[in-house]
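Please open the model in your viewer and keep the selection panel at hand. The stops below follow charged side chains.

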Amino acid sequence: MKMKKRIGSGFLAFALLSGVLAGCQAAEKAPEPSGSAASSLAESSSAVSSVQPGKDPDPVTLRFAWWGGEDRHKRTLEAIEAYQKLYPYVTLEGEYQGFDGYEQKLATQMAGGTVADILQISANRMKEFSQKNDIFADLSQYADVLDTSSFDANFLENFGVVEGKLYGLPTGINSINMAFVKHIQEEVGYGLEEGYTWEQFLEEGKKVHASDPNKYFFTGDADGYHQLLRSYVRQKTGEWTFRDDYTLSFDEAILTEFYIYLRRMLEEGVMEPMETAYPYKGKSHENKKWLGGEIACLIQNASSMPQFASEKVGEMTPGLFPILPDAKSTGIVTQPSQLFSVNDNENAGESARFLNYLFNEDEAITILGDCRGVPATEKGRGQLAAADLLDPTISKAVEVALAKTDGPINPLSDNNELKAILMDNIDLVLFAKMTPEEAAAQTIQQLTIKLEEIKTSAN
């Protein structure tokens, strides 16, 4: 259901207004920063310009567009209400709805010049939108009212910067991690130090099944195996699985290597047999062996880790994927939940000030909580964790992944039709319906055909 809500300005007593909460004029653009937009801002001082006593700014109305569910709507509206009490000259109009139809509406408004002042945008659409529409403000120009020092500089560079301009700030972060069961690691005594290799992952993993025939080191489903494959290809080639020109970044030999590795995990007792693992395809959190404390690790999004908790699982330690000794890239995936962007119009300074409130003020951080995922700022994660409003395992998983994060996944490498081909062939290998060599040849053929179809439809 689409909704539009206008929220009236709150009134504060004169004594409060004349102090720290007095109004200010719309911010002027800061000088052009040197170096990359993201790194320069991330190193900036945490001090931003405050309101100036004695000023009587003109009223300003800002439109703020986002999508989400009821909880996100409720929390965002509450944050808007609180902001207007601090800045009574600002009226914020919320334009909010579910995701269905949101981006089509946004594209139409961008083309017609009627888009809102503040926008929530999917991270994988930022480059496309910015290249088609010259409407986004370079947020690096508003350092006097917008502090980005609590964001990870590399993360900002990877996801918020387009052609050297900071067009978006991530609203939240999710990462793809290994989740290790702490008590099994301590009981078995297997050792995987940071930066462990694929071979070490397999060799150390054997110890779990050797210690107890009912236990296995690893379990997964088709999506998890696909995550491993994508990371392996990235490490081998320095590219994600599919290039923007609709070609493969890997060849049959690389795919055969990976399929052989998966078979070894099964045959050498490292991975839970398919007969007991496969019934939980797409719902690993219901896997009985996992919930019973008989699996040592699996792959999961950071934000979903609490779903995998049980009394017998106990404490989980977030970790990363294996890494090749000569890896060209880490293959570690962290992604923004969404991005906030600002329309490059006469209200851009005030819009940037509002974003500063959402990301940096204690009040806003508490109000918004995790309604847009794990906070993208170190300050936000720390504040919510300290108040017991964010699972510490989630926070740790994100921190671990950010330290080794890779570049953003291009849209084609996240295409569902292409992923389905990979996952179907992985199942054939794991069920021994085809040899790794046969499956690799078939996969390459199927992917090549599908890529050509996608290319034709795109043109």
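A salt bridge is taken here as a side-chain nitrogen of Lys or Arg within 4 Å of a carboxyl oxygen of Asp or Glu. By this rule the count comes to 27 salt bridges. The model is a predicted one: local features need pLDDT of at least 70, side-chain atom pairs count only at pLDDT 80 or more, and totals for chains, interfaces and linings use all residues. Residues are numbered from 1 along each chain as its sequence is written, and side-chain values use heavy atoms, with hydrogens and water left out.

**First stop: helix α8**

Select Lys-207 and Glu-204, which form a salt bridge whose closest N and O atoms are 2.9 Å apart. Both residues belong to helix α8 (residues 198–211), where 3 residues, about one turn of the helix, separate them. Helices are DSSP runs of H or I with at least four residues, numbered from the N terminus. Is each partner buried or exposed, where buried means under 20% relative accessible area, exposed over 50% and partly exposed in between (1.4 Å probe, protein chains only)? Glu-204 is buried, at 17%, while Lys-207 is partly exposed, at 37%.

**Second stop: from α8 to a loop**

Next, select Lys-206 and Glu-268, whose side chains meet in a salt bridge of 2.9 Å, N to O. This pair links distant parts of the chain, 62 residues apart: Lys-206 lies in helix α8, and Glu-268 in the loop between α10 (252–267) and α11 (274–277). Lys-206 is partly exposed because its relative accessibility is 27%; Glu-268, at 31%, is likewise counted as partly exposed.

Move to Lys-450 and Glu-453, which are joined by a salt bridge of 2.8 Å, N to O. Helix α18 holds both, 3 residues apart, about one turn of the helix. Lys-450 counts as buried at 18% relative accessibility, whereas Glu-453 counts as partly exposed at 42%. Now select Glu-199, Glu-203, Lys-206, Arg-264 and Glu-268 together: salt bridges that share partners join these residues into one network.

**Last stop: a negative patch**

Finally, select Asp-251, Glu-252, Glu-437 and Glu-438, which form a negative surface patch. Such a patch is made of residues with over 30% relative accessible area and no salt bridge, like charges being joined within 9 Å. Asp and Glu count as negative, and the place of a charge is taken as CG of Asp or CD of Glu. Areas come from the Shrake-Rupley method with a 1.4 Å probe.

Methods:
Patches are made of residues with over 30% relative accessible area and no salt bridge: like charges are joined within 9 Å, nonpolar side chains (Val, Leu, Ile, Met, Phe, Trp, Tyr) within 5 Å. Helices (H or I, at least four residues) and strands (E, at least two) are DSSP runs, numbered from the N terminus.
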